[in-house]
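Here is a short tour of the fold, written to be read beside the model. Keep the viewer open and follow along.

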Amino acid sequence: MRHSRKTMMSAATVGLGVAAVLGGIVPSASAAAPASGSPSSYAAYERSQENQAANRAFFDAVQRSVAEQRAANPGLLAVTVTYNTRSAPSFRSQIARSTQIWNSSVANVKLQEVSSGGNFSYREGNDSRGSYASTDGHGRGYIFLDYQQNQQYNSTRVTAHETGHVLGLPDHYSGPCSELMSGGGPGTSCQNATPNSAERSRVNQLWANGLVASGLDSKG
C-alpha cells in the first residue's frame with residue numbers, strides 16, 4: 001500500500017500543518033529534516049543507541065498511560081491501548097491495517113482508535129532517520145511515519161513494525177523477513193507485515209492478565 005510521489009507531496013502539505021496531539025507539535029515543512037534518507041541511513045539510525053533509548057522511553061510512556069487507565073478499571077483481564085491518527089492523515093489506511101493485524105494476532109491487549117488523546121499518537125512528515133517511536137518531551141508517546149521510507153519499504157510493514165513497539169517488542173534487525181521486528185533489516189523487497197508466532201507469543205506473555213510483565217530490555 002504505497003503512495004505516489006504526487007500523493008505524498010500533497011499529504012505533506014496537509015499533514016505537516018496539523019497540530020499534534022498529546023502535547024507536541026508536528027514540525028513545519030521548513031523545520032522538518034530533509035527527506036534524504038536511504039536504506040543505509042535508516043539502518044544506521046535503527047541500530048543506534050539513540051533509537052534504542054527512544055524505543056524504551058516510548059514504551060515507558062505508553063506503559064505509564066495504560067497503568068493510569070487500568071487503575072480506574074482494575075478488574076479487566078485484557079487491556080485496550082488507545083491511539084489517535086489526527087497528525088498522520090495520509091497513513092490512516094496503513095495504521096488501520098496494522099491495528100487489524102495486531103488485534104487479530106494477540107489476545108491479551110487490543111489497539112483502539114480514538115478521536116483525540118489516547119495512550120499514544122501517530123505523526124507523519126520528513127525525517128532522514130526514517131520512521132521511529134519516541135516521546136514528545138512531556139512524557140507522551142508517538143510514532144513518527146516518514147514519507148520517503150514508506151515509499152521505499154512496504155508501508156504497512158513499517159507501520160506494523162513501529163506499532164510493535166507499542167506492545168513491548170524490541171527491534172531485531174538481524175532477523176528474517178518473516179520476523180516483523182526485523183524491520184528494514186531484510187531489505188526493501190520484504191513485504192511481510194505480520195508478526196511471527198514467537199512475536200505473537202511474546203506480546204501475549206507481556207500483557208498477560210492485562211499487565212505488562214517487562215519492558216523493552218527483554219528479548220522479543
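Predicted model: local features only at pLDDT ≥ 70, side-chain atom pairs only at ≥ 80, totals over all residues.

Residues are numbered from 1 along each chain as its sequence is written, and side-chain values use heavy atoms, with hydrogens and water left out.

**Overall layout**

- The protein has seven helices and five strands; helices (H or I, at least four residues) and strands (E, at least two) are DSSP runs, numbered from the N terminus.
- Along the sequence, these elements follow the pattern α-α-α-β-α-β-β-β-β-α-α-α.
- The protein has 220 residues, and 50% of them count as buried.
- Among contacts (heavy atoms within 4.5 Å) with a separation of 6 or more, 67% are between residues 24 or more positions apart.

**The sheet**

- Five strands form an open sheet with mixed pairing, in the order E2-E1-E3-E5-E4; two strands pair if DSSP finds at least two bridges between them.
- E2 and E4 are the edge strands, each with a single partner, so one side of each has no neighbour in the sheet.
- From one strand to the next, the twist averages 30°; axes are lines fitted to C-alpha atoms, for helices over the stretch in contact, and angles run from 0 to 180 degrees between N-to-C directions.
- E1 and E2 run parallel and are joined by five bridges, and Thr80 has Lys110 in E2 as its bridge partner.
- H6 packs on the sheet and touches E1, E2, E3, E4 and E5, with its direction at about 165° to that of E5.

**Strand E5 and its partners**

- E5 spans residues 141-146, and six of the six are buried, so the strand is largely enclosed by the rest of the structure.
- With E3 (residues 120-125), E5 pairs in the parallel sense over six bridges, and Leu145 in E5 is the bridge partner of Glu124.
- With E4 (residues 132-135), E5 pairs in the antiparallel sense over four bridges, and Ile143 in E5 is the bridge partner of Ala133.
- The hairpin of E4 and E5 has five residues between the strands, and Gly137 takes a positive phi near 90° there.

**Nonpolar cores**

- A nonpolar core is a set of buried Ala, Val, Leu, Ile, Met, Phe, Trp, Tyr and Cys residues joined through side-chain atoms within 4.5 Å.
- The largest core has 32 residues, of which Val81, Trp102, Phe120, Val166 and Trp207 touch the most other members.
- Two or more residues of this core come from each of H3 (49-71), E1 (79-87), H4, E2, E3, E5, H6 (155-166) and H7.
- H3 gives the most to this core, with four residues.
- Another core, of five residues, lies apart from it and includes Tyr45, Ala54, Tyr132 and Tyr142.

**Helix H7**

- In H7 (residues 197-206), the buried residues are Glu199, Arg202, Val203 and Leu206.
- The buried residues of H7 pack against H4 (92-105) and E2 (109-113).
- At the start of H7, a side-chain oxygen of Asn196 reaches to within 3.2 Å of the backbone nitrogen of Ala198.

**Two residues to look up**

- Ser134 lies in E4 and is buried, with a relative accessible area of 14%.
- Leaving aside residues up to four places away in sequence, Ser134 touches Ala54, Phe58, Arg140, Gly141 and Tyr142.
- Gly184 sits in the loop between H6 and H7 and is buried, with a relative accessible area of 16%.
- Gly184 and Asn154 are 30 residues apart in sequence and 9.6 Å apart in space, C-alpha to C-alpha.
- Leaving aside residues up to four places away in sequence, Gly184 touches Glu46, Tyr153 and Tyr173.

Definitions and conventions. Buried < 20%, exposed > 50% of the residue type's maximum accessible area, 1.4 Å probe, protein only. Polar contact = N/O pair within 3.5 Å; in protein donor to acceptor, adjacent residues only side chain to side chain.
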